[in-house]
Amino acid sequence: MRQVVIIGGGVAGLEAAGFLGKMGHQVVLLEKEKAVGGHVGKWDRLFPNRRQGSEVMDFIRKKMDEKVSIITEAGIKSIDTSPDGYAVVLTNGEAIRADAILLATGFELFDARKKEEYGYGIYDNVITSADLERIFREEGKITTADGQAPQKVAFVHCVGSRDEKAGNVYCSKVCCVTGVKQAIEVKEMMPAAKVYSFYMDIRMFDRHFEELYIEAQQQGITFIRGRLSEVYEDQGKVQCKVEDTLTGKPMKVTVDLLVLLVGFMPSPETKRLAGMLKINIGSDGFVLPIDGHISQNETGVPGIFLAGAVTGPKCIATTLSDARSAALQIDQYLKTK
Amino acid sequence: MKKEGKEYIWKDYQKEIAEDKYFYVRSCVRQNFFPGSEWAFQKILREELKKDLFENAAHTSCTGIGYHTEIVPFETMMTVVARQFALMTEAGYEHFVSSCITSFGIYSEILETWEHFPETEARAHQYLKEATGRDFIKPKNLAHTGDIIYKFRKEIVAKGKYRLVHHQTGEPLKIVEHIGCHYSKMFPHRGIGGAEYPYVLVGMIEDWGGKVVDYPERRHCCGFGFRQYIVRANRGYSIACSRKKFESMEPYHPDAILTNCPGCPMFLDRWQYAISEMEGKTYGENGHGIPVLTYEELAGLVLGYDPWDLGLQVHQVPVEPLLDKIGIPYDPSKKFLGKDGRDLGRPEAPHFLKFYKES
């Protein structure tokens, strides 16, 4: 029986594992964290319909069978070529045979501390979209650092994305819709709260996203086209300096809580593994498939495949489709090997 | 506010500062604005820290003000800078220290340009050779004089007589720090602490016993901003900028403002007087202003230098409230005596800003 090693236990890796198992292949899935699930596993509700992230995870997990074995807290020491294919050597010395390898190492969230002017990690009431999802999931209510219900909440789009200063010129695709979803959720949780959204452009590219944006406007969320120049915390309040570029006026908006919509970053682990596997990295830091239109899952290195956000920002639906596509590519490869 | 968040950023912006043997270039305006500052720097370096600080009287303005007002073209400015470097090379020094933030920005801009465009550096060598017959070697280390005081801040306080604490209550004095724009906003890695949360003055204040005041308009321009003041029609913007800062810091009751730029202390000091005359508004305690100091002046006070030797009598906002809090003795009768002991006369008191202690 052919064996596939999948590196990365986020939704892409898990979905591909389930499909490859069903196709009759032995699968070993390696996850560096203590548990699989990746970013989706840490998210509360998903856009655009606000279903629980856990529902998607349950759907994916149900496809797993005995052909899939999962190793968590797996560090990869090296990937060596062998007469049969590859040997993935873990940091504990264990070597795992692989007829094919699927790289599904995903992304990291942009470290908001690098946008120094926004004060994340310095000001108590500046949080990220990931922090807000954790608050939704674990605490169920939003409070400021001193335990008060915020009266005014603002969202900042494109934090670490479309930003040459941050070194990332690409759009992370999902932050706009995430921000709109979260703004609605905040408004629903606290109807009296004033909610602002500071944006460059609202990029609602997928089905039902635009409807979500219209819903947000109908709920009274104020969208201001302008990028924040700086943030300051004064006596617990967050002061945002921004220019409303539609009216050409500088503004100072004081809020109780500021949410930074952080984008995707290629993970350093992907870069390391790409070096081992001799596959190419693009100027944006994500892995390059051999063809961006017609061969998204192939690397040009025999037996090495790609799935999910390892090749750039993707939403969950696209990631799952990509993972299934990769599983089919691998199946085909193994049949002809 | 979480200090560890700032510390996380500060660790990325630590620059190398040479230990000794500095080639020193002055500011073209500081001696007029704050005449004791450059004197104090030289005294501290040579007498307190026993450092080799060399100055060549043939050095000139960096042309920065002319450059930033589009009077002096880049090539001219670059050649003048090349000449400064040539004087350093001829004197056998490698560590270039600039007294002025604008100049520091100019030197940084030139070195960065040359790093990225070697052909431009080649032109600088050619222009200088043609104009003066000189050649130069680029400095191994470029620092602002504030960087040097920062580097030796612990030695200074160890030798010092005073700390930035209220001598009666023992409470740390609350100090606003204001960084000149050209220190690190253009090249964050060339400034200690970067551009958003510069550490260079914070380090001095904290190590000398004071407490830094964070206030909303901390990053806002002091009011100089070149065109805001140099273009006469724009001067309303200049004073409006300073006023915005004073209004923002006032609720925190700062005991002093510390600066590292020639223009910032000038405008933060003089505009307090202008605002008081225009609006009757003062920002210090009991009709006083908020004293504004340069880092050399503050270092001199910590070391126990006479306030009048430091030139503090030429400040528009009197510094006596700060001296009283620290417990620094001074003789009011000597405030307006010249170096030769001659009475220079007493300036007319402003209408609202308390100027004379007895008034």
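Begin by selecting A:Ser129, which lies in helix α3 (residues 129-139) of chain A; helices are DSSP runs of H or I with at least four residues, numbered from the N terminus. The model is predicted, so local features need pLDDT of at least 70 and side-chain atom pairs pLDDT 80 or more, while totals for chains, interfaces and linings use all residues. Residues are numbered from 1 along each chain as its sequence is written, chains are lettered from A and ligands numbered from 1 in the order written, and side-chain values use heavy atoms, without hydrogens or water.

A:Ser129 has a relative accessibility of 3% and counts as buried (under 20% relative accessible area; exposed is over 50%, partly exposed in between, with a 1.4 Å probe and protein chains only). Beyond neighbours within four places in sequence, its contacts include A:Trp43, A:Thr178 and A:Gln182 (contact means heavy atoms within 4.5 Å).

Next, select helices α5 (residues 74-91) and α6 (residues 101-116) of chain B, which pack at about 100° with their axes 10 Å apart. The axes are lines fitted to C-alpha atoms over the stretch in contact, and angles run from 0 to 180 degrees between N-to-C directions. α5(B) is therefore roughly perpendicular to α6(B) (65 to 115 degrees). Among the contacting residues are B:Phe74 and B:Phe85 of α5(B) and B:Ile106 and B:Trp114 of α6(B).

Finally, select B:Cys100, which is buried at 7% relative accessible area. Its sulfur is 5.9 Å from the closest cysteine sulfur, in B:Cys62, too far for a bond; a disulfide is a pair of cysteine sulfur atoms within 2.5 Å. Over all chains, the count is zero disulfides.

Definitions and conventions: Helix = DSSP H or I, 4+ residues; strand = E, 2+ residues; numbered from the N terminus. Parallel < 35°, antiparallel > 145°, perpendicular 65-115°, else oblique.
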